[in-house]
Each structure stands twice: as C-alpha cells, then as structure tokens.
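Biologist: I would like to go through this model with you. Please set each value against its definition.

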Amino acid sequence: MLVVGLTGGIGSGKSSVAARFAEHGAHVLDADRIAREVVAPGSPGLQAVRERFGEEVVAGGTLDRAALGRIVFADPAARADLEAITHPLVGERTAAELARLPQGAWAVHDVPLLVELGYAPRYHLVVVVDAPEQVRVDRLVQARGMAAADAWSRLRAQASGQQRRAVADVWLDNSGARQELDAQVARLVTERLEPLRRRLRQQAAVAEGEALPPPEGEDVPGRAARVRHRLDHVLAQAGYRPGAAELATDAAGWTRGTLRLAGAAGEAGLHQSLAEAGFPAAALGSLGSADPGRPVMVGLTGV
Ligand code: ADP
C-alpha cells in the first residue's frame, strides 16, 4: 500500500494539501489527532503520563497541555521521558489504522514534525509544502487571527526550509493562489502517484524511458542520499545491517550504483520487503524503483 508522508511548516498550506489528497481518494492520517488520542481521558497513555509527571499535568481527568508543556520545554530529560511514553503508542495506533484500511487504499500521513523526527525514510514518498516565510506569517495572521510575533516565533522553532528540502521527494510551492496549489496536487496524483500505486501492486520497476523529468524545486542530486536512507530503513526493518552503498544521481534523475550487503543478498524475504517499499527487482541482481518520479538502478550484491 502506498503511504505518502506529508509535511510543511506552520502556515505553509499542509492542511490544505491534505484536504486535496483526501478528495483524490487518499486516507489521511493526522498525526496530531493520533497524538491527542493516545493521551485521551481514561487512556493508558494518560495514566503513564500522570505517573511520570504527577497530578499537576491533569485537570479534571484531562491532560493539561499547557502545564505539561511548561515542564518538558524547560527540561530535555523530561521531554525524552514524555516521548518514550507517547511515541510507541502513537506508532502502534498509526500502524493499526494503516492495517485497517481496505485493500487497494492509499494513505497520506500528515506529520507536522516529520523532518524533526527523522521519519522521511518510512514513506514511499515525502511531500513538502512550502511558501515564503512572510507569506506564511501573513496567512496565519489574516486567516487564523494569530499575532504576527507569535507566528514568527513558531516558524523559527521549526525545521528550516533547507532541512525540509533535503527530505523532499516532492516540493509543492504554495506561494501563489489556491488554484495553483490544487493543480500541483492533481498533477502529482495522476502523473506520479497513480503509476506508483500500480507498480507497487505489480512489483514492477520503472524502465528507461518511463521516468518523469526531474520536477522543479526538488534537490535532484540529493536523491541518492534519500534512496540510501530508505534502503537502510528497509534493511533494518528486515533485520539486516545497513549495506555499503555507492550511489549517485545523474542529471536525468536516475540514481545508480551498488549496494553491498553483509550476508545473503538473494534472500526472498528481503526482496519482498524491498519491493513493498518501492524497490522491486529490475534486471538480474538489480533493484529498480516503482516511482516514475525517482528512478533507480542499483546493483545488489552479497559479500
Ligand atoms: P498549515 O496546515 O500548513 O498550517 P493551512 O493549510 O492551514 O496551513 O494554511 C494556512 C492558512 O493559509 C489557512 O487559513 C489557509 O486557508 C490559508 N491558505 C493556504 N494556502 C493558501 C493560498 N494559496 N492562498 C491563500 N491562502 C492560503
């Protein structure tokens, strides 16, 4: 099942893009909603938070976010404790919601902190929505009634544009009108996500000549590192050590090179995991890509 990661700084238009994806048939999983649900009144998550932080973070059976925020923002160890409680619960719930989706479905995981949490390699594709900072602040002030100083300080606390660009497989520029954003999403779905879904189902790799030209805004040479991170993630999930990889992306956007694994490279279970992650077998001994927007030809060898 295709799972797209969606992120963007506050005021970038991420929620607007999530809504458009839903209109195109995606199941949108809202990470903020799930994070609230795992500490809802009466939940084991709230009980664990209460045991660690005391009664002062609970008011009338409900989590007092402001009180908890004051503790964890001032104290990194307290914050790590909170995350050690909530992150596994959020992960389990997210996985359970994904597992419940009907056959043939596809999902968009809307994660404001995707970059900060280092989640990019978990997805087949990461979509970043962006707009110039001043535009974002103006929208937050006008549409949400936020104070400008408040909007600026929130912006400053988040990942930088550069950090987001490094993980962006798709960069949606929302500096223009809403219709322009909607058109970018529609094009992405028809030109890239639908062929990607079909190839994921068929476990088929993009052939030479079938790849899309590199889109505007994407850090194309950075593809090699993004491919590498994804491959390492799949290997780790499948119980392998990270492979030694020499990968580079050429001007046409193809990522080529070799990945050497300690141990058995021909193992069927590993190939199944790689195919599900969007790296089906291509030519003999090589991995390809199911994504026409990020073609791959990587030799896989054991050592
Ligand atoms: P985020 O989820 O990234 O914080 P939103 O999608 O909520 O951002 O957008 C922030 C605000 O800006 C919302 O009020 C939204 O309606 C508005 N907005 C988003 N895109 C545009 C656009 N292209 N033109 C004008 N306003 C926009």
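**Buried residues, the ligand and the fold**

Modeller: Asp110 lies in strand β5, residues 107-110. Strands (E, at least two residues) and helices (H or I, at least four) are DSSP runs, numbered from the N terminus. This is a predicted model: local features need pLDDT of at least 70, side-chain atom pairs count only at pLDDT 80 or more, and totals for chains, interfaces and linings use all residues. Residues are numbered from 1 along each chain as its sequence is written, and side-chain values use heavy atoms, with hydrogens and water left out.

Biologist: Why is Asp110 called buried?

Modeller: Buried means under 20% relative accessible area, exposed over 50%, and partly exposed in between, with a 1.4 Å probe and protein chains only. Asp110 has 5%, so Asp110 is buried.

Biologist: What makes the pair Asp110 and Lys14 a polar contact?

Modeller: A polar contact is a pair of N or O atoms within 3.5 Å; within protein, one must be able to donate a hydrogen and the other to accept it, and residues adjacent in sequence count only if both atoms are side-chain atoms. The side chains of Asp110 and Lys14 are joined at 2.6 Å.

Biologist: Which residues does Asp110 touch, leaving out those up to four places away in sequence?

Modeller: Contact means heavy atoms within 4.5 Å. Leu6, Lys14, Ala18, Val28, Leu29, Asp30 and Ala31 are in contact with Asp110, with residues up to four places away not counted.

Biologist: What distances separate N or O atoms of Gly13, Lys14 and Asn174 from ligand atoms?

Modeller: A backbone N or O atom of Gly13 is 2.9 Å from a ligand oxygen. For a backbone N or O atom of Lys14, the distance to a ligand oxygen is 2.8 Å. A side-chain N or O atom of Asn174 lies 2.8 Å from a ligand nitrogen. The ligand alone exposes 560 Å², and the protein buries 83% of that. Accessible areas come from the Shrake-Rupley method with a 1.4 Å probe; for residues, only the protein chains shown count as cover.

Biologist: How do you know whether Arg230 is buried or exposed?

Modeller: Arg230 is at 4% relative accessibility, so Arg230 counts as buried. Its place is in helix α11, residues 223-237. Arg230 touches residues including Tyr123, His124, Asp169, Phe279 and Arg294.

Biologist: And why does Leu200 count as buried?

Modeller: Leu200 has 11% relative accessibility, so the label buried applies. Leu200 sits in helix α10. Among the residues it touches are Met1, Leu2, His124 and Ala290.

Biologist: Why is Gln203 called partly exposed?

Modeller: Gln203 has a relative accessible area of 32%, so Gln203 is partly exposed. Gln203 lies in the loop between α10 (178-202) and α11.

Biologist: What do the buried residues of α4 pack against?

Modeller: They pack against α3 (44-53), β4 (62-63) and α5 (76-99). In α4 (residues 65-74), the buried residues are Ala67, Leu68, Gly69 and Val72.

Biologist: How do you know that the radius of gyration agrees with a compact globule?

Modeller: The radius is taken over C-alpha atoms, and the globule rule is 2.2 Å times the number of residues to the power 0.38. With 303 residues, a compact globule would be near 19 Å; the protein chain has 21 Å, which agrees.

Biologist: What share of the 303 residues is buried?

Modeller: Buried residues make up 44%. The protein chain has 12 helices and 11 strands.
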